[in-house]
Amino acid sequence: MRKFFLLAALLFLTSLSSESYARSEYQTPSLVIDFEGGVLWQTVNDIQIPNSSEGTRFSLVDLAGKSPYPAGRVYITWNINRTHGLKLLLAPFSVTEEVIPEKDLKFEGEEFSGGEVLEATYKFNSWRISYRYRFRDGEKASWYIGFTAKVRDARIELVQNGNGSDKPDLGFVPLLHLGVDWRISRNWSLISDLDALAGGPGRAIDFSAKFYYRINSDWSIGAGYRTLEGGADVEEVYNFAWLHYGIACIRYRY
């Protein structure tokens with residue numbers, strides 16, 4: 001009798017697992033949460049504030065190096081139905097380094113001496129919400145187009161001998177959104193997305209490509225690469241940065 005109940009329980013659990021897998025295979029999940037964590041390094045980060053003879057143009061890469069920094073972000077995707085969806089991004093980032101500039105710097109109304117220790121802070125938080133329209137849903141790939149409303153919460157600060165100056169930048173940026181989910185096999189997929197805008201005094205490009213392996217119907221793990229490039233060239237500020245991410249991912253589907 002005990003063997004019978006054990007066998008029945010095993011068959012029941014197997015049927016639940018198969019049903020869940022089939023559901024995830026053929027139906028769009030209502031909710032998807034992606035956790036990204038990894039390291040960030042910079043290859044360009046040029047700054048001049050103000051963007052005139054009153055400011056000195058300098059490279060934060062030359063001062064602080066490309067050094068890898070910890071970075072992470074969270075995506076929350078709500079698929080309203082199979083065609084329409086919303087995607088929320090929370091991506092905080094801030095780093096502070098002690099550097100020694102080779103020359104005197106003029107920054108946001110203050111002067112900082114070369115050859116002395118200088119504390120530099122670079123903050124670039126990104127909060128976004130995207131509308132996604134699935135315009136093609138093939139056997140192997142789903143394609144998305146939409147637009148992104150981005151809130152840029154940035155700040156650059158220099159401090160030396162207790163005196164400092166900073167330039168906060170809180171603003172709204174509209175971006176074009178593109179995405180593709182490519183089902184390589186039953187368990188492997190490639191997910192890529194792009195938020196971008198170019199033209200006028202600035203640009204913004206955020207592109208990623210991530211490989212995911214599905215553990216079960218709800219959970220997947222993955223790894224990939226992200227690049228973030230852009231900045232602004234206006235009267236108040238000149239700042240262009242190019243950042244690179246090596247990322248590990250955990251995905252939950254409901």
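Glu-108 is partly exposed, with 29% of relative accessible area. This residue sits in the loop between β6 (105-107) and β7 (110-112). Glu-108 is not a glycine, yet its phi is positive, at about 50 degrees. Like every value in this text, these come from a predicted model.

A second residue of this kind is Asn-161. Its phi is near 55 degrees, again a positive value in a residue other than glycine. Asn-161 belongs to the loop between β9 (141-160) and β10 (163-183). Is Asn-161 buried or exposed? With 65% relative accessibility, Asn-161 counts as exposed. The loop can also be described by the strands around it: β9 and β10 form a hairpin with 2 residues between them, and Asn-161 is in the turn.

A further backbone feature is found at Pro-50. The peptide bond that joins Ile-49 and Pro-50 is cis, with omega at about -5 degrees. Pro-50 lies in the loop between β1 (31-48) and β2 (58-59).

These loops can now be placed in the chain as a whole. The chain contains 2 helices and 14 strands. It has 254 residues, of which 41% count as buried. Among contacts with a separation of 6 or more, 60% are between residues 24 or more positions apart. The accessible surface of the chain is about 14,100 Å², and carbon and sulfur atoms account for 61% of this area.

Another set of pairings involves β14. Which strand is joined to β14 by 16 bridges? It is β1, and the two strands run antiparallel, with β14 covering residues 238-253. Within this pairing, Leu-40 has Tyr-245 of β14 as its bridge partner. Strand β14 is also paired with β13, in the antiparallel sense, over 15 bridges. There, the partner of Ala-232 is Asn-239 in β14. β13 and β14 make a hairpin, with 4 residues between them.

Strand β1 also contains Glu-36. Glu-36 is buried, at 8% relative accessible area. The cut-off for buried is under 20%. With which side chain does the side chain of Glu-36 make a polar contact? The partner is the side chain of Lys-210, at 2.9 Å. Lys-210 is in strand β12. It too is buried, with a relative accessible area of 2%.

The surroundings of this pair can be listed for each residue in turn. Leaving aside neighbours within four places in sequence, Glu-36 is in contact with residues including Ala-71, Gly-72, Arg-73 and Tyr-75, and also Ile-247, Ala-248 and Cys-249. Lys-210, with residues up to four places away not counted, touches Ser-189, Leu-190, Ile-191 and Asp-193, among others. Tyr-75 and Arg-226 are among the contacts of Glu-36, and both are also among the contacts of Lys-210. Ala-223 is another residue that Lys-210 touches. Glu-36 and Ala-223 are 187 residues apart in sequence, but their C-alpha atoms are 8.8 Å apart in space.

A nonpolar patch of about 960 Å² is made by Phe-35, Trp-182, Ile-184, Trp-188, Phe-211, Tyr-213, Ile-215, Trp-219, Ile-221 and Ile-250. Which strands each supply at least two residues of this patch? They are β12 (202-214) and β13 (219-233). Ile-221 is one of the patch residues and lies in strand β13. Ile-221 is partly exposed, at 42% relative accessible area. Patches are made of residues with over 30% relative accessible area and no salt bridge, so Ile-221, at 42%, is over the area cut-off.

Technical notes:
Residues are numbered from 1 along each chain as its sequence is written. This is a predicted model: local features need pLDDT of at least 70, side-chain atom pairs count only at pLDDT 80 or more; totals for chains, interfaces and linings use all residues. Side-chain values use heavy atoms; hydrogens and water are left out. Patches are made of residues with over 30% relative accessible area and no salt bridge: like charges are joined within 9 Å, nonpolar side chains (Val, Leu, Ile, Met, Phe, Trp, Tyr) within 5 Å. Accessible areas come from the Shrake-Rupley method with a 1.4 Å probe; for residues, only the protein chains shown count as cover. A salt bridge is a side-chain nitrogen of Lys or Arg within 4 Å of a carboxyl oxygen of Asp or Glu. Buried means under 20% relative accessible area, exposed over 50%, partly exposed in between (1.4 Å probe, protein chains only). Contact means heavy atoms within 4.5 Å. A polar contact is a pair of N or O atoms within 3.5 Å; within protein, one must be able to donate a hydrogen and the other to accept it, and residues adjacent in sequence count only if both atoms are side-chain atoms. Two strands pair if DSSP finds at least two bridges between them.
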